[in-house]
Amino acid sequence: KVTLDAKYNIKKIDEKTYKKYVKSQGEIGPVVTKLTGINEDLLEDLGVSYKEAFDGFVNFVGRDFANCAFVAYGSYDKKLFFETCKANDEYRFDEIKTIAANYVDLSLFISKFMKDDKNNLLSLTECVEYLGGSFKGLKHDPMADAINLVQVYDLFTKNKTIVKDRYKKLISNDPKLPKPLVN
């Protein structure tokens, strides 16, 4: 949970964190287990109901819930979240609508300025590294992703030279633009 100042710089990073495993209503697929390490045994030990997890999340965000941006890297998390909401009878519909209205896919924004050398979208790990940082934690762990999202935002706003150089490279690799580009 991050607070920005009036110029959109990071003012405060909340030390309190929130992470819950939601018990699955169906079987966990092997792709999910391979990607995240989440399996039936883990959910049996640590999993909570969707309602308990979502209530806890709303409480964690706090009284400014309606004024928050909910940031992810990519659209898959949003899709999965809304599928889970539907499977749970759209519990707390007002909060779900707020999340939908205030959802920010940071990868879409970043992709306007930076892509890999083949003009592909950057993964979160690549983005951190392209901006001069190092990925913290385990890949595809929601807490690590949140920590690295904050790092990407901070690096992107502070490392203007890196962003400018990556942007020049991006536009020079764009097949739709005439060659050579005039600076």
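View 1. Set aside the neighbours within four places in sequence, and Cys127 is in contact with Tyr73, Ile110, Met114, Leu122 and Val152. Keep in mind that what you're looking at is a predicted model. Zoom out a bit and you get the largest nonpolar core, 15 residues in total. Cys127 is among the members that touch the most others, along with Tyr73, Ile110, Met114, Leu124, Leu131 and Val152. Helix H6 (106-110), helix H7 (124-130) and helix H8 (142-158) each put in at least two residues. H8 is the top contributor to this core, with 4. As a rule, nonpolar side chains in soluble globular proteins tend to be buried together.

View 2. H3 itself runs over residues 50-61, 12 residues, and spans 16 Å from first C-alpha to last, close to the 16 Å expected at 1.5 Å a residue. Just past the end of H3 comes Gly62, with a positive phi of about 95 degrees.

**View 3. Helix H4 and the residue that follows.** H4 covers residues 76-87, 12 residues in all. At 1.5 Å a residue it should span 16 Å, and its end C-alpha atoms are 17 Å apart, so the two agree. After H4 you'll find Asp89, and its phi is positive, near 55 degrees.

**View 4. Thr125 on helix H7.** Thr125 is found in H7. Is this residue buried or exposed? Its relative accessibility is 12%, and the cut-off for buried is under 20%, so Thr125 counts as buried. Ignoring residues up to four places away in sequence, Thr125 touches Phe135 and Lys139.

**View 5. Two loop residues with positive phi.** Asn119 is found in the loop between H6 and H7, while His140 lies in the loop between H7 and H8. Neither one is a glycine, yet phi is positive, about 70 degrees for Asn119 and near 70 degrees for His140. Asn119 is partly exposed, with a relative accessible area of 24%. His140 also counts as partly exposed, at 41% relative accessibility.

**View 6. The second largest pocket.** Asn119 shows up again here, as part of the lining of the second largest pocket. Sorted by class, you get 3 nonpolar, 2 polar and 4 charged residues. The space inside comes to about 160 Å³.

View 7. The largest cavity has a volume of about 30 Å³. Its lining is made up of Lys115, Asp116, Asp117, Asn119, Arg166, Lys169, Leu170 and Asn173. By class, that's 1 nonpolar, 2 polar and 5 charged residues.

How values were computed
Residues numbered from 1 in each chain as written. Predicted model: local features only at pLDDT ≥ 70, side-chain atom pairs only at ≥ 80, totals over all residues. Heavy atoms only, no water. Core = buried A, V, L, I, M, F, W, Y, C linked by side-chain atoms within 4.5 Å. Buried < 20%, exposed > 50% of the residue type's maximum accessible area, 1.4 Å probe, protein only. Contact = heavy atoms within 4.5 Å. 1 Å grid on protein atoms, 1.4 Å probe; cavity = no way out; pocket = protein on both sides within 12 Å on 5 of 7 lines; lining within 4 Å. Points joined across faces, edges and corners; volume = space filled by probe spheres on them. Nonpolar A, V, L, I, M, F, W, Y, C, P; charged D, E, K, R; others polar. Expected span 1.5 Å × (residues − 1).
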